[in-house]
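Hi,

Here is the model I promised to pass on. Have a look at it first, and my notes come after.

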There are 4 protein chains.
Amino acid sequence: MSKGRVEAFSDGVFAIAITLLVLTIGQPQRFDDLAAELVRQWPGYAAYMVTFAVIGIMWFNHHVIFGHLARVDAPFLYLNLLLLMTVAFLPYPTGILGEALRHGEGARVAAVAYSIVMTLNAFAWAALWLYASGRRRLLHDSFPEEQRGITTVLFVVGSMVYIVGIGIALINAYACLAFHGALAAYYAVDPISRGLRRERR
Amino acid sequence: MSKGRVEAFSDGVFAIAITLLVLTIGQPQRFDDLAAELVRQWPGYAAYMVTFAVIGIMWFNHHVIFGHLARVDAPFLYLNLLLLMTVAFLPYPTGILGEALRHGEGARVAAVAYSIVMTLNAFAWAALWLYASGRRRLLHDSFPEEQRGITTVLFVVGSMVYIVGIGIALINAYACLAFHGALAAYYAVDPISRGLRRERR
Amino acid sequence: MSKGRVEAFSDGVFAIAITLLVLTIGQPQRFDDLAAELVRQWPGYAAYMVTFAVIGIMWFNHHVIFGHLARVDAPFLYLNLLLLMTVAFLPYPTGILGEALRHGEGARVAAVAYSIVMTLNAFAWAALWLYASGRRRLLHDSFPEEQRGITTVLFVVGSMVYIVGIGIALINAYACLAFHGALAAYYAVDPISRGLRRERR
Amino acid sequence: MSKGRVEAFSDGVFAIAITLLVLTIGQPQRFDDLAAELVRQWPGYAAYMVTFAVIGIMWFNHHVIFGHLARVDAPFLYLNLLLLMTVAFLPYPTGILGEALRHGEGARVAAVAYSIVMTLNAFAWAALWLYASGRRRLLHDSFPEEQRGITTVLFVVGSMVYIVGIGIALINAYACLAFHGALAAYYAVDPISRGLRRERR
């Protein structure tokens, strides 16, 4: 199984999951006061935007990491499948979070569920990296050894940060959503991927 | 991140969004007078056709623009993601517009919502172009300087035209849908893309 | 716009439409006698299978035709988009036909609707071929002139045959579904594509 | 029709089917006790995970088999389409199994339906292999003759094992789901694909 094929399949799952998100936004129940209905729906739009950004930036970083691999093997493939399982699952908690916020009921529970899925996703990322980079198993020779340790620390710390998200969800669902939006923004410009991108040049 | 990969991912999102549109058409509620039900559904078919044409022509012009880029960078990637976010969102207002027209209630509100999403999409296109072409940041050397200014003007004017669509929506929902159909037809043959296509040869 | 890109986008729409079909099969309403519910659902499975075969074979023949083209141009692209619009729409009448047959109401109306969409699709195919082959506009030099006329006749006759399907639908919905299954089988082995495939070698 | 195109189309269907699975998980009906609702939903998550693993591993083995083919022909293409038909159908019984287990009604019937679809899928795999390998019709010269017989036996025996799954479903739905999870794990590391992968190197 070539690296290119695994990337193409992963790209497909990322693209489909990101585009399916729109189906999770609640439909208006009545049309006689549609303006108010659509405005009340705003948490669904916010959840859509945050998760869209999350998946889009993950897709980006997925390529950054694959760019440093010399090859893939069967265990890596299954870990990648596990990662994709958590990505493809994201529309489910996203829809529930949007709906719970709109109903004004169950919002914190929904935010906890959302954060748990994001945490499982972060663990899957860390597992993928630990496997690929451990003893430089799948890394390109061009990947500098000093970068490897830092990246591993940042991945493990990153996973811990997602657990904090679960705590925030217990306090306030909107804060939790904002937290995940901020994390996505962080991963768009963070030291791991910036370091990795720089090295790749 | 190579240009080719960003194009392939974008193509995926365009293809999925355009194909998901069919899921937004309302289902018949009763089967004892199905012919009448299906005829009453016609605004849903019209909304499907207009948005299908809009997304298809956008996909085309996305390639035309990418054909003039020498490379992509991280900010461009995030602007492209923002553009895709508005494209992938289109099935939502399309479905609501079709349903509102069928119910005969809330049609103008739905048309306003549809036009707002189209306007946000036009802004995302303009932002993408302004970033890529500003100081010829990402443009190919082969792209002629005199074409750059005209294209920018047309992109900015284009965004303004979409705001007119919001105004039309406030008056009549059907007129608004026809307006967006006409805009799609315009972009299929317009001076921007014709100019850009000519240059690329 | 290269031929390869148009093919890749079209492939994406075919693959998504064929896979979305499963979402149109009616869900069981009650679980206390699920076996009977699932058996009653059989027209939905039949409609799924027929339309799956139809789209799959269309995808195949799409490649056969593209294999004979030397290039694509803008009008061809829009005709191809029109074709994809009818393909991506197929899940809608498929779902309604399955549901109408299950409810035992509106089946002939649903079959007429299904046949109309199939006829529009056949017209889009014919238009695509007439444009591409007229005056050998986009054809490869290797495509033999004597094959061109025969293929055109078969495409036009083919479109007429779909109109017969509308007539059959008015008489019996099951016969109509069987008719479309038989047409798909025909197109899997028919003289047009066999001739075209032979020539391409 | 080149082998690469058939693989790309098949990859698309695998990627879409695996990502659509999430839409089959039941939505919470009420938000006032969302935590309990989401916990009650666990069979839906389990069914999601098992079917996701099944499709992911099938995708992997699809490539392993294609890697041993020298070419494809029309009958192979239609057998592959038949295989994809059973793959794309999987979200349907998966959703029903999850819902039936949650409702506590119809679970064994749903498990039988799930197992029947899996069995049809196994038959489609066996047919694909028997056609491609019979008289070495489509096999690469590099594929060793002694491997061919073993692989055929394992494919046929594999199909039989899926029939056992139908029997297990009649006794207990959870055991049936666990059985299919175990089979997926087996196919991730089984002698067929391990043998095939080894040979390909």
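Below is what I found, going from the whole assembly down to single residues.

Some housekeeping: this is a predicted model, so local features need pLDDT of at least 70 and side-chain atom pairs count only at pLDDT 80 or more, while totals for chains, interfaces and linings use all residues. Residues are numbered from 1 along each chain as its sequence is written, chains are lettered from A and ligands numbered from 1 in the order in which they are written, and side-chain values use heavy atoms, with hydrogens and water left out.

**How the chains sit together**

Contact here means heavy atoms within 4.5 Å. Chains A and C do not touch, and their nearest C-alpha atoms are 9 Å apart. Chains B and D do not touch either, again with 9 Å between their nearest C-alpha atoms.

**Chain A on its own**

Chain A has nine helices and zero strands (DSSP runs numbered from the N terminus: H or I of at least four residues for helices, E of at least two for strands). Its radius of gyration is 18 Å, close to the 17 Å that the globule rule gives for 201 residues, so chain A is as compact as a globular protein of that length. That radius is taken over C-alpha atoms, and the rule is 2.2 Å times the number of residues to the power 0.38. Along the principal axes, the C-alpha atoms fill a box of roughly 65 × 35 × 25 Å.

Of the 201 residues in chain A, 62% count as buried (under 20% relative accessible area; exposed is over 50% and partly exposed in between, with a 1.4 Å probe and protein chains only). Among contacts in chain A with a separation of 6 or more, 75% link residues 24 or more positions apart.

**Two arginines with positive phi**

Most residues other than glycine have a negative phi. A:Arg136 has a positive one, near 55 degrees, and sits in the loop between helix 6 (107-133) and helix 7 (145-171) of chain A. With 24% relative accessibility, A:Arg136 counts as partly exposed. In chain B, phi of B:Arg135 is near 50 degrees, also positive. B:Arg135 lies in the loop between helix 6 (107-133) and helix 7 (145-171) of chain B, and at 73% relative accessibility it counts as exposed.

**A buried valine in chain C**

C:Val50 belongs to helix 3 (residues 42-66) of chain C and is buried, with a relative accessible area of 14%. Leaving aside neighbours within four places in sequence, C:Val50 is in contact with C:Tyr114, C:Leu177, C:His180 and C:Gly181.

Cheers
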